[in-house]
Every structure is written in structure tokens, then in C-alpha cells.
Amino acid sequence: MTKIYLTRHGETEWNLQNRMQGWKESQLTKLGKKQAKRLSDRLADINFEAIYSSPLGRALETAKIICSDRKMEITIKENLKEMSFGKWEGKTSSEIKSNHLDEYKKFWEEPHLFRGESGETFEEVKNRVLPLIKEIISNHENDILIVTHTVIIKTLMAYFEGRDLENLWDPPFIHQTCLSLIEVSEDNTKIISHGDTSHYKE
């Protein structure tokens, strides 16, 4: 059985400004680093076989904080980086809504129909991340940590739960460093937790 511990990066400066990040970089805030440390404390007793991260700085820094007391190499995978939002990257949600209302509504309300002027579609994200997760599962039989981004987590959880792309944004909300745990065996997939933030407690 493979146990996948799936988490999002900590809070960033652009999260505070409500800016679309995508493939662009934004630094972790003090709170973001604290969120990563709290998750590190929560996972301290887990003996991970491997740790995977998106190459984007906010995810990689989160992974390094989580693994600060472990003598383990972090494996960077390009296909774990966030969805490309193209020309939307760096812009606030209000700016995008003002200039691209129809596409903005499709992004959140009808993701299966979303086609931006640039960047990726949700289908393209799905096609790059699912082969990777299947490869990771086939290569490991123990506990695995994956540090990535919102759309990637939403895509993976929809896959594990058997939901269509149309229902990608179904709850729960993916908060920074929230934890999802999935147990995968040859004949069964079990969701143990989804978007858990219990380690947020002071």
C-alpha cells in the first residue's frame, strides 16, 4: 500500500494580495513559514520513503521546512508545478474579473469549459499530472510526501474520488499547508483526510 501525504505550499505575499501566481514566483510570508513548520511538527513521526516537490520556490521552500530535520533528498518534479495562468499571472482577481469576466466565471464555475487566452486548460493540467502520480504510486509502497499547489491538489483529489473535471472545485477549500492523505493499493483507494488543517492550532 502507498500512502500519499499531499499538501499545498505555505502562505505567500501574492496570496495576501489575491494575485494569481501560476508559474511566477512569490515569497512565503512569515505565516507561510510558520504553517510549514506546524505541518513539519505534525508529520515528525512519519518515516517517508520519498519526498516530492514542485520546482516553484514557494513549494520547494515549504518542502525544505517540512523536512528540515530529515536527512532526505527532495525530488523536484516539473509536472507538480501550478497550472499556468498565462497573462493572468501577477494580476489580482478583481483585475481579471474586470477585463475577462466570461473566462473568469468559466474558470471558477465551469472549469471543464475554461479556455484562457494563454496558459493551460484544466484538461492539460490533468494530462501532465496524472501520469506522474501513477508513476509515483507504482514506484513506492510506503509513505510519500508531495508538496505542490491548489489546482494540482484539486486535480489529484478529483481523480482519487472519481469526480469529473466539471466538479473540480467541489469542497473542501485547499488552504495553505492543508493535508490530504490517500491510501492506494492494487484494488482500492481510500481517502483518509482531505484538506485537513488541524495542525493550524496554536
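## Report on a predicted protein model

From the N terminus on, the elements of the protein follow the order β-α-α-β-α-β-α-α-α-β-α-β-β, which comprises seven helices and six strands; helices (H or I, at least four residues) and strands (E, at least two) are DSSP runs, numbered from the N terminus. The model is a predicted one, in which local features need pLDDT of at least 70 and side-chain atom pairs count only at pLDDT 80 or more, whereas totals for chains, interfaces and linings use all residues. Residues are numbered from 1 along each chain as its sequence is written, and side-chain values use heavy atoms, with hydrogens and water left out.

### Overall dimensions

The C-alpha trace of the protein spans about 50 × 40 × 30 Å along its principal axes. For 202 residues a compact globule would have a radius of gyration near 17 Å, and the 16 Å of the protein agrees with this; the radius is taken over C-alpha atoms, and the globule rule is 2.2 Å times the number of residues to the power 0.38. Buried residues make up 52% of the 202 residues, where buried means under 20% relative accessible area, exposed over 50%, and partly exposed in between (1.4 Å probe, protein chains only). The accessible surface comes to about 10100 Å², of which 45% belongs to carbon and sulfur atoms; such areas come from the Shrake-Rupley method with a 1.4 Å probe, and for residues only the protein chains shown count as cover. Among contacts between residues at least 6 apart in sequence, 69% join residues at least 24 apart, a contact being heavy atoms within 4.5 Å.

### The sheet

Six strands form an open sheet in the order β3-β2-β4-β1-β5-β6, with mixed pairing; two strands pair if DSSP finds at least two bridges between them. The edge strands are β3 and β6 (188-196), each of which pairs on one side only. From one strand to the next the twist averages 20 degrees, based on axes that are lines fitted to C-alpha atoms (for helices over the stretch in contact), with angles that run from 0 to 180 degrees between N-to-C directions. Strands of a sheet pair through backbone hydrogen bonds, either parallel or antiparallel.

| Strands | Sense | Bridges | A partner pair |
|---|---|---|---|
| β2 (residues 50-53) and β4 (residues 143-148) | parallel | four bridges | isoleucine 51 and leucine 145 |
| β1 (residues 2-8) and β4 | parallel | six bridges | isoleucine 4 and isoleucine 144 |

Glutamine 35 lies in helix α2 (residues 30-42) and is buried, with a relative accessible area of 4%. Not counting residues up to four places away in sequence, glutamine 35 touches Gly10, Glu11, Gln176, Thr177, His199 and Tyr200. Its C-alpha atom is separated by 19 Å from that of isoleucine 152, which stands 117 residues apart from it along the chain. Serine 40, also found in helix α2, is buried with a relative accessible area of 8%, and, leaving aside its neighbours within four places in sequence, serine 40 is in contact with Ile65 and Ile66.

### Backbone features in the loops

Most residues other than glycine have a negative phi, and most peptide bonds are trans. Asparagine 18, placed in the loop between α1 (13-16) and α2, has a positive phi of about 60 degrees although it is not a glycine, and asparagine 18 is partly exposed, with a relative accessible area of 47%. Threonine 177, in the loop between α7 and β5, has a positive phi near 55 degrees, but threonine 177 is buried, with a relative accessible area of 0%. Proline 172 is found in the loop between α7 (150-161) and β5 (179-185), and the peptide bond that leads from proline 171 to proline 172 is cis, with omega near 10 degrees.
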